[in-house]
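Subject: Structure handover

Hello,

Here is the structure you are taking over. Please open it first, then read the notes below.

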Amino acid sequence: MANKLIVSLSPHVHNRDSVQRNMYGVCFALIPALLTSLYFFGVGAAIVLVTSVVSCVFFEWSITKYILKRERTTITDGSAILTGLLLGFNLPSNLPVWIILIGALVAIGVGKLTFGGLGCNPFNPALVGRVFLLVSFPVQMTSWPKAGQLSSYLDAETAATPLSVMKEAIKSGDASVLHKLPDAIDLLIGQTGGSMGEVSALALLIGLAYMLVRRIITWHIPVSILLTVFVISGLLHLSNPIYASPFSVLLTGGIMLGACFMATDYVTSPMTAKGQVIYGIAIGFLTVVIRTFGAYPEGMSFAILIMNAFTPLINTYCKPKRFGEVVKK
């Protein structure tokens, strides 16, 4: 049977945008952070990232072909590669391969394909995989290697991260603990411990600038998140010195990665500019609250997943007026 041709009324907008182009554009924007991770963590970073990407692509292909029985696979649209990269950036560089495989399976199989695949998933797949691993393997997921061990993998020496130092200061009520934090230059460049997507705020900001220039994303979500975190953490710092300065808060943990690359996911974020600002403010607020008063030093992943669940409500609240609609008095 011939396919039905549907011709809609003008105007018709023509541009080069496509799912594939945007997915690979985000992957390209991650290259500075990728190179920085390899520079500071060496072999461990390469093993974790390659394993994560290859396993995500494999599970996307195998589940689509053999379980969902679809004729066409979606491994060439770039979404599985991007999920693998983002998942890898959220992991320690000494994580065993078998745990990475479980995370990839959960990210693709549960976080994405269970809901129908790209465009249907309510939650960011990479964060679903990351949070599952954090809850299931808390020891392995919170053992962070020191930067500079280029030839080490499973035997890498671990150390406290800036986030754990901040948490220690809050729990002990001793502001002098914050002197253990790296200086602003080290935090900006990445000479610190943490997951591979946390180490260099500068590399992530370069990627953000690229995406904004190419109009892959808009400024609303990342700017609203970063500004909210800065303001709230600044107020906390002014009220009590046991809370780190807003600059240190912005440059540590997964805030930059989450604000620039994960909260901006097309599928799980609001559609309108107003909705995106509300969404970003809520993520920034929840991140600071969880970091400050929660059990975990980091709160970005949980904040994004919580607001992913609220995205349909935000879209309903911020739904634009239809053309020709009569406004009721």
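Accessible areas here come from the Shrake-Rupley method with a 1.4 Å probe. On that basis the chain exposes about 16,500 Å². Carbon and sulfur atoms supply 68% of that area. Keep in mind that this is a predicted model.

**Overall build**

The chain has 15 helices and 0 strands. Its C-alpha trace spans about 70 × 55 × 35 Å along the principal axes. How does the radius of gyration fit a compact globule? For 329 residues, such a globule would have a value near 20 Å, and the chain has 21 Å, so the two agree. Buried residues account for 51% of the 329 residues. Take the contacts between residues at least 6 apart in sequence: 74% of these join residues at least 24 apart.

**Helix α5**

Helix α5 covers residues 97-110. Its 14 residues should span 20 Å at 1.5 Å a residue. The end C-alpha atoms lie 19 Å apart, which agrees. Which residues of α5 are buried? They are I99, I100, G103, A104, V106, A107, I108 and G109. Their cover includes α3 (43-67), α4 (79-89), α6 (125-136) and α7 (138-141).

**Salt bridges**

A search of the whole structure finds 3 salt bridges.

- E60 pairs with K112, and their closest N and O atoms are 3.0 Å apart. This pair links distant parts of the chain: E60 sits in helix α3 and K112 in the loop between α5 and α6, 52 residues apart.
- K180 and E168 meet at 3.6 Å, N to O. Here K180 is in the loop between α8 (162-172) and α9 (184-189), while E168 is in helix α8, 12 residues apart. K180 is exposed, with a relative accessible area of 55%. E168 is partly exposed, at 36%.
- E298 and R291 meet at 2.9 Å, N to O. Both E298 and R291 are buried.

**A nonpolar patch on the surface**

L212, W219, V223, L227, V231, L235 and L238 form a nonpolar patch on the surface. Together they have about 700 Å² of accessible area. Which helix gives the most to the patch? Helix α11 (residues 220-239) does, with 5 residues. L227 is found in that helix. Its relative accessibility is 53%; exposed means over 50%, so L227 counts as exposed.

**Two backbone angles to look at**

Most residues other than glycine have a negative phi. K69 is not a glycine, yet its phi is positive, at about 60 degrees. K69 lies in the loop between α3 and α4. The residue is exposed, with a relative accessible area of 63%.

R215 also has a positive phi of about 60 degrees, and it is not a glycine either. Where is R215? R215 is in the loop between α10 (201-213) and α11. At 73% relative accessibility, R215 counts as exposed.

That is the handover.

Best wishes

Notes
Residues numbered from 1 in each chain as written. Predicted model: local features only at pLDDT ≥ 70, side-chain atom pairs only at ≥ 80, totals over all residues. Heavy atoms only, no water. Patch = residues over 30% accessible without salt bridge, like charges linked within 9 Å, V, L, I, M, F, W, Y side chains within 5 Å. Salt bridge = Lys/Arg side-chain N within 4 Å of Asp/Glu carboxyl O. Helix = DSSP H or I, 4+ residues; strand = E, 2+ residues; numbered from the N terminus. Buried < 20%, exposed > 50% of the residue type's maximum accessible area, 1.4 Å probe, protein only. Expected span 1.5 Å × (residues − 1). Contact = heavy atoms within 4.5 Å. Rg over C-alpha atoms; globule rule 2.2 N^0.38 Å.
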